[in-house]
Amino acid sequence: MEIDTIITDIFSLLQDQPEEVKSITMMPVDLEHDLVQSSLNCMIVSIILGRQLKIIGNRLISLAVAALLHDIGMTKIPEALLKKEDNSMFSKNIHSYMNL
């Protein structure tokens, strides 16, 4: 599914069924799909906040895209590192993995 389609669908759902869409952000995150759920939640909240701030048109769409894709780099992090119980070294490991 293309990003444009996802964003258009979320905009429509927020217009037609705002309470139902907002309730999605309150659901517990499924550990198996946490990045997808987290990104969608971030996008929904960003659209709601953007509308409250009177952001319109392409700026609101850009905000939605940025919110949806803000963690896209996390898909390149090894699963074992993301699910590690002791994440005290998480930041250091991420930076060394990403060559930062």
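1. The buried residues of helix α3 pack against α1, α2 (18–24) and α4. In α3 these buried residues are Ser 39, Asn 41, Met 43, Ile 44, Ser 46, Ile 47 and Gly 50. Here "buried" means under 20% relative accessible area, "exposed" means over 50%, and "partly exposed" lies in between (1.4 Å probe, protein chains only). Packing is judged by contact, that is, heavy atoms within 4.5 Å. Helices (H or I, at least four residues) and strands (E, at least two) are DSSP runs, numbered from the N terminus.

2. The model is predicted: local features need pLDDT of at least 70 and side-chain atom pairs count only at pLDDT 80 or more, whereas totals for chains, interfaces and linings use all residues. Residues are numbered from 1 along each chain as its sequence is written, and side-chain values use heavy atoms, with hydrogens and water left out.

3. The overall composition may be stated briefly. The protein chain contains 6 helices and 0 strands, and its pattern along the sequence is α-α-α-α-α-α. Of its 100 residues, 19% count as buried. Among contacts with a separation of 6 or more, 51% join residues 24 or more positions apart.

4. Helix α3 covers residues 34–52. It has 19 residues and reaches 27 Å from its first C-alpha to its last, close to the 27 Å expected at 1.5 Å a residue. The expected span is 1.5 Å times one less than the number of residues in the helix.

5. Leaving aside neighbours within four places in sequence, Ile 44 is in contact with Ile 10, Leu 14, Val 21 and Thr 25. The C-alpha atoms of Ile 44 and Ile 7 are separated by 9.3 Å, although the two residues are 37 residues apart along the chain. Ser 46, also placed in α3, counts as buried because its relative accessibility is 14%. Residues up to four places away in sequence not being counted, Ser 46 touches Leu 63 and Ala 67.

6. The helix pairs come next. Two packed helices are described by the angle between their axes and the distance between the axes. Axes are lines fitted to C-alpha atoms, for helices over the stretch in contact, and angles run from 0 to 180 degrees between N-to-C directions. Angles under 35 degrees count as roughly parallel, over 145 as roughly antiparallel, 65 to 115 as roughly perpendicular and the rest as oblique. A crossing is left-handed if the near helix is turned anticlockwise from the far one by less than a right angle, and right-handed if clockwise.

7. Helices α3 and α4 have axes 8 Å apart and pack at an angle of about 155 degrees. They are therefore roughly antiparallel to each other, and their crossing is right-handed. From α3, the residues Ser 39, Leu 40, Cys 42, Met 43, Ser 46, Ile 47, Gly 50 and Arg 51 meet Leu 60, Leu 63, Ala 64, Ala 67 and Leu 68 of α4. By class, the residues of this contact comprise 9 nonpolar, 3 polar and 1 charged. Ala, Val, Leu, Ile, Met, Phe, Trp, Tyr, Cys and Pro count as nonpolar, Asp, Glu, Lys and Arg as charged, and the others, Gly among them, as polar.

8. Helices α1 and α3 pack with their axes 11 Å apart, at an angle of about 55 degrees. They are therefore oblique to each other, and the crossing is right-handed. Ile 6, Ile 7, Ile 10, Phe 11, Leu 14 and Gln 15 of α1 make the contact with Leu 40, Met 43, Ile 44, Ile 47, Ile 48 and Arg 51 of α3. This contact of α1 with α3 has 10 nonpolar, 1 polar and 1 charged residues.

9. The axes of α1 (residues 3–16) and α4 (residues 57–69) come within 11 Å and cross at roughly 110 degrees. The two helices are therefore roughly perpendicular, with a right-handed crossing. Ile 3, Ile 6, Ile 7 and Phe 11 in α1 meet Leu 60, Ile 61, Ala 64, Val 65, Leu 68 and Leu 69 in α4. The residues of this contact are 10 nonpolar, with no polar and no charged.

10. Lys 54 is found in the loop between α3 and α4. Most residues other than glycine have a negative phi. Lys 54, which is not a glycine, has a positive phi of about 65 degrees. Lys 54 is exposed, with a relative accessible area of 68%.
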